[in-house]
Amino acid sequence: MDDYLDQELDRLNQQKTLAIKLQRGVVPYTLLLFSFAVLLNYQLAVSLFWASYIIGMGSSNNSLPTGLKSYQEVLIMLGLGFLVLQREIFIFALTIILFIQLVDDFIDFHSEDYINRENFVNYLGEWGTILLILFSLIIALQIDWQTSLIVMIMTLVIIKLLQLVN
């Protein structure tokens, strides 16, 4: 989703992402892969997806197609998450996705010429981002260290696979 939404920035940075390569096909293939994840563990899959949405949209104040501001949708998703998902899994998902997003933003900040203005480093500074990276990682590891390691390893595997495809 991040690559899909950031296509313009990726083009400016001369990055060839799978979203750019697949164009319109990225949505059906993403949904297909997500359905497999749901079959494996629906609580974790939905929690990780919702956490990705919340973390990805949480730093924006844009008006969305629903007519709501980003932060309003985030608050609704947070409320729904705590209402319908297992609390511990949802909190875990929020912290591990925050960790991944912060690391990604930190890397982007130092490697790209054109930076998304909603990059966490722009808001928190480098040291603030590093501290929040460590804080979110510690919380995720405290909640579920095994799944934390699996998510981090799979994130690296997916990144490497995407680099090979491009």
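Let's start with Val121: its relative accessibility is 4%, so this residue counts as buried (under 20% relative accessible area; exposed is over 50%, and partly exposed lies in between, using a 1.4 Å probe and protein chains only). Val121 sits in helix H8. Its C-alpha atom is 9.7 Å from that of Ile107, 14 residues away along the chain.

A quick word on the model: it is predicted, so local features need pLDDT of at least 70 and side-chain atom pairs count only at pLDDT 80 or more, while totals for chains, interfaces and linings use all residues. Residues are numbered from 1 along each chain as its sequence is written, and side-chain values use heavy atoms, leaving out hydrogens and water.

Now zoom out. The protein has eight helices and zero strands (DSSP runs numbered from the N terminus: H or I of at least four residues for helices, E of at least two for strands). Of its 166 residues, 34% count as buried.

Back in H8, which covers residues 120-165, we also find Val157.

| Residue | Relative accessibility | Class |
|---|---|---|
| Val121 | 4% | buried |
| Val157 | 35% | partly exposed |

How do H5 and H6 pack? Helix H5 (residues 42-57) and helix H6 (residues 70-84) meet at an angle of about 160°, their axes 9 Å apart. That makes them roughly antiparallel, because angles over 145 degrees count that way. H5 passes H6 in a left-handed crossing, meaning the near helix is turned anticlockwise from the far one by less than a right angle.

Conventions. Axes fitted to C-alpha atoms, helices over the stretch in contact; angles between N-to-C directions. Parallel < 35°, antiparallel > 145°, perpendicular 65-115°, else oblique.
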